[in-house]
Amino acid sequence: MEAVANFHWKCRHTWRRSAKNTAWCLLGCAIGDFGTILFFQLTGIPWPVLAIMILAIINGLITSIILETIILMRTFVFAEAISIAFKMSFISMVSMEIAMNATDLIFAGGVLTITIIPFMLLAGFITPLPYNYYRLKKYNESCH
């Protein structure tokens, strides 16, 4: 992995590509995250909010890896696709998940509502975007 010597933050092409990659990751994370929170709300299982949030983060990471693997299988065989999906930046995915859940916790007390979802998605998208741009521009590393 060779780094680009003249790194800068002004490349529109790289911003578009990193935004696309981040959006795919956000979709995968949101499926597991929202699904977990909604499950606990609908079933009324009396778990502490923090425990539900931690489980939502774990499930978001799992569904993101599954979605990324499916996307990568357009280009790679399954074994390579899942390997690449696991090697993706967990820093990016974890920061996305924490931003989404912190937004929910701070503004809605951990209750998933239709009004908080756009803010959760925005926080989950914006938080890892600069890091994803940096990795793509500096090292030409992305998962798509």
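Analyst: Happy to! This is a predicted model. Let's start with Ser18, which is buried, with a relative accessible area of 1%. Ser18 sits in helix 1 (residues 12-43).

User: Why is Ser18 called buried?

Analyst: Buried means under 20% relative accessible area, and Ser18 has 1%, so the label applies. Leaving aside neighbours within four places in sequence, Ser18 is in contact with Leu129, Asn132, Tyr133 and Leu136.

User: And what makes Ile70 exposed?

Analyst: The cut-off for exposed is over 50%. Ile70 has a relative accessible area of 52%, so Ile70 counts as exposed. Ile70 belongs to helix 2 (residues 49-72), and a nonpolar surface patch of about 570 Å² is made by Ile70 together with Leu50, Ile54, Ile58, Ile62 and Ile66.

User: How many aromatic pairs does a search of the whole structure find?

Analyst: The search finds nine. In one of them, the ring centres of Phe40 and Trp47 are 4.9 Å apart, with the planes at 35°.

User: What makes Tyr134 and Tyr139 edge-to-face?

Analyst: Their planes lie at 85°, which is over 60, so the pair is edge-to-face. The centres are 6.1 Å apart. Ring pairs also link Tyr134 and Tyr139 into a cluster with Phe7, Trp9, Trp15 and Tyr133.

Methods
Residues numbered from 1 in each chain as written. Predicted model: local features only at pLDDT ≥ 70, side-chain atom pairs only at ≥ 80, totals over all residues. Heavy atoms only, no water. Patch = residues over 30% accessible without salt bridge, like charges linked within 9 Å, V, L, I, M, F, W, Y side chains within 5 Å. Areas by Shrake-Rupley, 256 points an atom, 1.4 Å probe, with all protein chains shown as cover. Salt bridge = Lys/Arg side-chain N within 4 Å of Asp/Glu carboxyl O. Helix = DSSP H or I, 4+ residues; strand = E, 2+ residues; numbered from the N terminus. Buried < 20%, exposed > 50% of the residue type's maximum accessible area, 1.4 Å probe, protein only. Contact = heavy atoms within 4.5 Å. Phe/Tyr/Trp six-rings, centres within 6.5 Å; stacked < 30°, edge-to-face > 60°.
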